[in-house]
Each structure stands twice: as C-alpha cells, then as structure tokens.
Amino acid sequence: METLQTPDRLIRLAVDLVNTKSLDPEKLTSAGALERFLLDHGEPTADVDEDDLAQVKAVRERIRPVFHAEPRDAARILNDLLAEYAVRPYLSDHDGAPWHLHVARPEATWAAWLAAGTALGLAGFAAGHGFAAIDSCAAEDCERVFVNPAERRPRRFCTPTCSSRTRVASYRARQAAGSGT
C-alpha cells in the first residue's frame, strides 16, 4: 500500500481521484469500487472497507480545491495535506518489491497514503510547471480536472470531446443569434 509511485503516476492518481466525482455519477460507490480504483492505479493489492471509502472521499474533497484555487490558496492546501499526512521520505523493499520511496507512515490508511502521495505529486508538479497548469475543464457541463505540462500550449478543457462540444455549442448559438431565431 505504501509504494510511492513515480511523479507522473502520483499526478495521474490525484487527477483521477478528484475525477471520481464530477457531474458524472459518483464512481467510488463501494469498497469494491475503491479497491478497483487502487488496483487500476498500480497497487498490487487493496484490502479496503467502507471506512476506507469514507476517508478516501474526504481526502478527495480536500484535494479538489487545488484545481480551482488561486496559487497561494492551492499551495496552502497542499502544504496542509503534506504537514498532516506526509513523513520524511524513506526507502523500502517490503514484500519483495523493488526499492521504492514511501512518504506516508508504514501504518497509514489508504486515505492517508493517498493524501500524502497526491499532495506530493501536485506540489512537485506546481513547482515545476506553475499552478496555471493545474486546472479544471472550461466546459459548462463538465467538472473534471486536469494537469497540463505543455509550456506553450494553454489548455482549457479536460478532453478534446469537451473542447469540441463547447465549440459546436458556441457556433450554434452564434448561428441562432445571427438568424434572428
């Protein structure tokens, strides 16, 4: 449970965790759904219960504002999560796994592990790319979040689908306004 993923995987974990609840139906509906989420994100095993589910959802809601906040507020949120959940990184090769870093206590719950790892991943990403690269979709009917490491390609939408849907809706609105209907 404690394996620290690569920075890219920690960032993807943070984005995917926040995106488990958007305008789409809730994706973490049961302990089994949380287990599948963890397994899909590289954990070799995931023994979770309903208490883990509630705690992970609470962590998700603490991370979500980072994607909407002004830089100082986002930094404060991440620093608070790191202060509460992260420990000094240490190397481990437990359970026959190759050497890897841990940033959560050995006895950490899944929620504490996610809080420490995702906060570290987002903090590192912000330090390298700026908070402007941590954003939420500009489509009116979408609440998904994303990160954009491309320096010269500003991004406003989570996917090309949202971009296209918004562009088509804007075009149709202009056409309707122009035709007087």
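Author: What follows starts with the chain as a whole and then turns to one residue, Ser-22. The model is a predicted one, and the protein chain in it has six helices and four strands. Read from the N terminus, these elements follow the order α-α-α-α-β-β-α-β-β-α. Along its principal axes the C-alpha trace spans about 70 × 35 × 25 Å, while the accessible surface of the chain comes to about 10300 Å², with 53% of that surface belonging to carbon and sulfur atoms. The protein chain carries 22 positive and 26 negative side chains, and the centres of these two sets lie 11 Å apart.

Within this chain, Ser-22 sits in the loop that runs between α1 (7–18) and α2 (31–40). Is Ser-22 buried or exposed? Ser-22 counts as buried because its relative accessible area is 11%, and the cut-off for buried is under 20%. Of the 181 residues in the protein chain, buried residues make up 40%.

As for its surroundings, once residues up to four places away in sequence are set aside, Ser-22 touches Glu-143 and Arg-144. For the chain as a whole, when contacts with a separation of 6 or more are considered, residues 24 or more positions apart account for 53% of them.

Definitions and conventions
Residues numbered from 1 in each chain as written. Predicted model: local features only at pLDDT ≥ 70, side-chain atom pairs only at ≥ 80, totals over all residues. Heavy atoms only, no water. Helix = DSSP H or I, 4+ residues; strand = E, 2+ residues; numbered from the N terminus. Buried < 20%, exposed > 50% of the residue type's maximum accessible area, 1.4 Å probe, protein only. Contact = heavy atoms within 4.5 Å. Areas by Shrake-Rupley, 256 points an atom, 1.4 Å probe, with all protein chains shown as cover. Lys, Arg positive; Asp, Glu negative; His and termini not counted. Charge placed at Lys NZ, Arg CZ, Asp CG, Glu CD.
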